Amino acid sequence: MKRFESYGQGIPGLELGDLTGWLIVIEGPDGVGRTTHVNRLRAHLEQLGYAVAETGLTRSDLASRGIRRAKQGNTLGTNAFNLFYATDFADRIEQQIVPALRAGFVMITDRYIYSLIARAIVRGADPDWIKQVYSFAMLPDAVYYLHIEPQQLVPRVLAEGPFDYWESGMDVPMGEDLYDSFVNYQGRIIRELDGLAREYGFQTLDATRDEDDISDELCASVTRVLMKKPAGATA
Amino acid sequence: MSALTTYGQRPNAYPGKLFIVEGIDGSGKSTQLALLTQWLRSEGYLVTFSEWNSSSVVKATTSRGKKRQLLTPLTFSLIHATDFSDRLEQQIVPALKAGAIVLADRYVYTAFARDVARGVDGGWVRSLYRFAVLPTLAVYFRVPLDIALHRILSARPKLKYYEAGMDLRLSTDATESYKLFQARIQREYEGLVPEYNLATMDATLPVEVQQRALRELVRPHLRGVAAAPGTGLLEDDEERTA
């Protein structure tokens with residue numbers, strides 16, 4: 001039994017046998033507070049002496065510029081966008097996630113394949129197909145899902161500034177203005193994530209609770225996961 | 001996984017026709033497709049052309065990946081699928097809907113052959129291209145490896161890193177690596193011929209003989225295809241495709 005397994009055939013040319021770290025995923029919709037909790041979790045784990053690395057969507061060396069440029073013009077086809085995100089993710093798993101796990105780090109990823117699968121499904125992709133596309137990914141050690149209802153999300157996002165075009169699904173679009181589209185789009189993303197949470201066994205955290213309570217629970221849970229699977233041991 | 005998540009399930013449901021050519025480098029397929037394009041245009045058809053790896057938005061990323069050698073077998077496969085998807089959505093399907101003849105130099109079979117030669121799982125790459133429309137006619141240009149290699153290498157090309165398959169570490173010599181890589185790709189193509197029922201062309205025949213054969217393969221599919229606007233050619237000559 002390897003310490004890590006893939007959903008499908010894995011990554012071409014890559015053995016998972018020498019990976020000794022941990023892969024922790026934080027999932028949730030835009031504006032739910034993922035960044036805050038990633039930062040707190042990182043500080044907590046470093047306090048305990050773990051080496052921590054982070055990655056998040058569209059942060060690849062290969063594709064992040066291209067995705068940014070494509071978003072500015074909105075000239076890329078919808079399905080091509082799904083695959084562009086998959087390219088970005090593949091580059092990050094190969095160039096960031098795997099090297100960190102090989103070096104024995106705790107890799108915290110701010111969203112993983114699940115958000116990418118959800119955004120593709122909401123844009124009309126076949127669920128079986130897009131899951132198959134991402135089947136090269138490894139199963140994380142734990143996925144924490146910051147759950148919120150779309151109506152509760154609105155005031156939080158507004159407090160941060162105006163609605164973002166893409167976070168409102170305006171490329172699709174799903175309403176006659178940014179507000180309507182944001183509520184409809186995020187609502188559909190959340191419903192897809194709820195479904196994925198059941199399918200893939202996420203640990204759901206109620207994101208409407210007090211921030212400190214959430215982060216205490218998250219830190220304690222991740223610490224248990226790390227203790228249960230000591231460095232270098234097989235699963 | 002459902003059986004539907006693989007290539008081959010999306011027939012061409014549009015009025016237009018999609019003709020594609022496949023084969024290893026040096027098989028002469030691009031020459032034949034250029035001649036076919038001229039012929040179809042002279043016959044009065046509305047013809048559009050789509051080339052592998054040419055989506056304007058995606059190309060910058062692909063070029064960057066190649067230049068800096070950032071691409072692995074997995075990301076090489078995905079970025080080409082991204083490019084293909086963009087061209088399918090924005091060029092090929094709209095043209096087919098408009099009733100045009102779409103000619104493609106390389107199609108999904110290039111990815112199936114090349115990515116698998118790079119070590120990508122064959123089932124995975126076939127599911128990756130599930131969204132692709134089945135061509136009306138796909139022609140594989142079959143050529144002995146040494147002839148194709150001679151055609152390419154006698155021009156003393158400067159082989160590029162990925163073109164030569166240098167990422168596979170088959171050889172440190174670019175020419176040697178290219179030969180080994182092309183041989184692998186050809187093996188994959190030969191498997192694809194029966195799998196997808198590709199028409200085959202003997203690419204060792206003289207150019208004009210191949211072109212006649214290619215037109216004969218295409219001709220039965222031209223019945224009822226609309227003419228390009230303003231040419232009036234088709235209306236004048238109903239006999240030709242009969």
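This is a predicted model: local features need pLDDT of at least 70, side-chain atom pairs count only at pLDDT 80 or more; totals for chains, interfaces and linings use all residues.
How does the radius of gyration of chain B sit with that of a compact globule? A compact globule with 242 residues would have one near 18 Å, and chain B has 18 Å, so the two agree.

Stay with chain B and colour by burial, if your viewer can do that. Of its 242 residues, 44% count as buried. Then try drawing the contacts inside chain B. Take those with a separation of 6 or more: 78% of them are accounted for by residues 24 or more positions apart.

Time to bring chain A back on screen. Select where the chains meet, and you'll have 28 residues of chain A in contact with 31 residues of chain B. On the chain A side, pick out α2 (64-73), α3 (78-102) and α5 (127-133), the elements that each give two or more residues to the side touching chain B. Which of the elements gives the most to that side? Highlight α3(A): it contributes nine residues, the most.

For a last stop, colour that side of chain A by residue class. Where chain A touches chain B, you'll see 14 nonpolar, 10 polar and four charged residues.

Technical notes. Residues are numbered from 1 along each chain as its sequence is written. Chains are lettered from A and ligands numbered from 1 in the order in which they are written. Two residues are in contact if their C-beta atoms, placed from the backbone, lie within 7 Å. Helices (H or I, at least four residues) and strands (E, at least two) are DSSP runs, numbered from the N terminus. Ala, Val, Leu, Ile, Met, Phe, Trp, Tyr, Cys and Pro count as nonpolar, Asp, Glu, Lys and Arg as charged, and the others, Gly among them, as polar. The radius of gyration is taken over C-alpha atoms; the globule rule is 2.2 Å times the number of residues to the power 0.38. A residue is buried if 20 or more other C-beta atoms lie within 10 Å of its own, exposed if 12 or fewer, and partly exposed in between; C-beta atoms are placed from the backbone.
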